[in-house]
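My notes follow the order in which I checked things.

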Amino acid sequence: MARPKPWDVDDELWAVIEPLLPKVERRVRHPGRKRHPDRLVFQGILFVLYTGIAWEHLPQELGFGSGMTCWRRLAEWTEAGVWPRLHEVLLARLRSADALDFSRAAVDGPRPRVKGGTKTGRSPVDRGRTGSKHHLITDATGIPLAVTLTGGNRNDVTQLIPLLQAVPPVRGKRGRPRRRPDAVLGDRGYDHDKYRRLVWALGVKPKIARRGTEHGSGLGTQRWVVERAFAHLHWFRRLRIRWEIRDDIHEAFLTLACALICWRRLRSLR
């Protein structure tokens, strides 16, 4: 039996996604061409995300619609806030299955290559090349809780508080939703007493390596999960190089990729 392609959407995943999509009623008068099925278009978006292919090169024989149709639908669903809601739903399912560990979180912010667009800047550590940064926060097991996009000239430490604040309210259990980890782990790039105080003010304990000290703090034995999560995130070829000029489209791909990683973790629990 042939192994399913990663962009093939099974009935179980579609049952999670379909209720989140905005409903578009066809006009009675002058209806125009029939709208291409959402499920096929979503598979076309996944095909671009997984393969990194240009929109205009999306193979027509796959039946996903044209690349422009998929791009327009991605922009439409992004404006409707579909991807953050999908991520929240899957995080809630993980928490319900006791698969989320809020005892600590880990943060990091490597820099992908970029071909243009907004939210870019000249990187001080890459020979002044213009680029963007992906900033990621994960739970103690490496499940992505939130991801943000900034210019390559933004220092990692300035994004520590926005990352913590970007974690959505995670439901899945009785009582109040969970938003904050007990502690946050970061490398020396996050070493700044001002931000330690701001982290404490959010009710989170900062566990950040100090500059000028010898390696061997032991944080690496716990921080590696965020580096693994970045490896999973950049396994989606569309995220390795930023091609999108519009930052909201690139952020949509980032959030969708985080949701797919959560879905894979859910499937692995069976």
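**Entry 1: the model.** I am working from a predicted model. I keep that in mind for every value below.

**Entry 2: helix α2.** I started with α2, which runs over residues 38–51 and has 14 residues. I looked up its span from first C-alpha to last and got 20 Å, close to the 20 Å expected at 1.5 Å a residue. Next I asked how many residues of α2 are buried. Ten of the 14 are, so the rest of the structure largely encloses α2. I listed the buried ones: Val41, Phe42, Gln43, Gly44, Ile45, Leu46, Phe47, Val48, Leu49 and Tyr50. I then looked for what they pack against. The partners are α1 (11–17), α3 (67–79), α4, α8 (237–240) and α9.

**Entry 3: α4 against α9.** Two of those partners, α4 and α9, got a closer look. I took α4 as residues 82–96 and α9 as residues 247–268. Their axes come within 9 Å and cross at roughly 20°. Angles under 35 degrees count as roughly parallel, and α4 and α9 are therefore roughly parallel to each other. I noted the hand of the crossing as left-handed.

I then went through the residues that meet. From α4 I wrote down Trp83, Pro84, Leu86, His87, Leu90, Leu91, Arg93 and Leu94. From α9 they are Ala252, Thr255, Leu256, Cys258, Ala259, Cys262, Trp263, Arg265 and Leu266. By class, I have 13 nonpolar, two polar and two charged residues in this contact. A reminder to myself: an α-helix has 3.6 residues a turn, so residues three or four places apart point the same way.

**Entry 4: Ala257.** I stayed in α9 and picked Ala257. Is Ala257 buried or exposed? Its relative accessibility is 0%, so Ala257 counts as buried. Which residues does Ala257 contact, leaving aside neighbours within four places in sequence? I found Leu49, Leu233, Phe236 and Leu239. Leu49 is also on my list of buried residues in α2. Ala257 and His87 are 170 residues apart along the chain, and their C-alpha atoms are separated by 9.2 Å.

**Entry 5: Asp98.** Last, I looked at the loop between α4 and β1 (105–108), where Asp98 lies. Phi of Asp98 is near 60°, a positive value in a residue other than glycine. Its relative accessibility is 60%, so I logged Asp98 as exposed.

Note on methods. Residues numbered from 1 in each chain as written. Predicted model: local features only at pLDDT ≥ 70, side-chain atom pairs only at ≥ 80, totals over all residues. Heavy atoms only, no water. Axes fitted to C-alpha atoms, helices over the stretch in contact; angles between N-to-C directions. Helix = DSSP H or I, 4+ residues; strand = E, 2+ residues; numbered from the N terminus. Parallel < 35°, antiparallel > 145°, perpendicular 65-115°, else oblique. Left-handed = near helix turned anticlockwise from the far one by under 90°. Contact = heavy atoms within 4.5 Å. Nonpolar A, V, L, I, M, F, W, Y, C, P; charged D, E, K, R; others polar. Expected span 1.5 Å × (residues − 1). Buried < 20%, exposed > 50% of the residue type's maximum accessible area, 1.4 Å probe, protein only.
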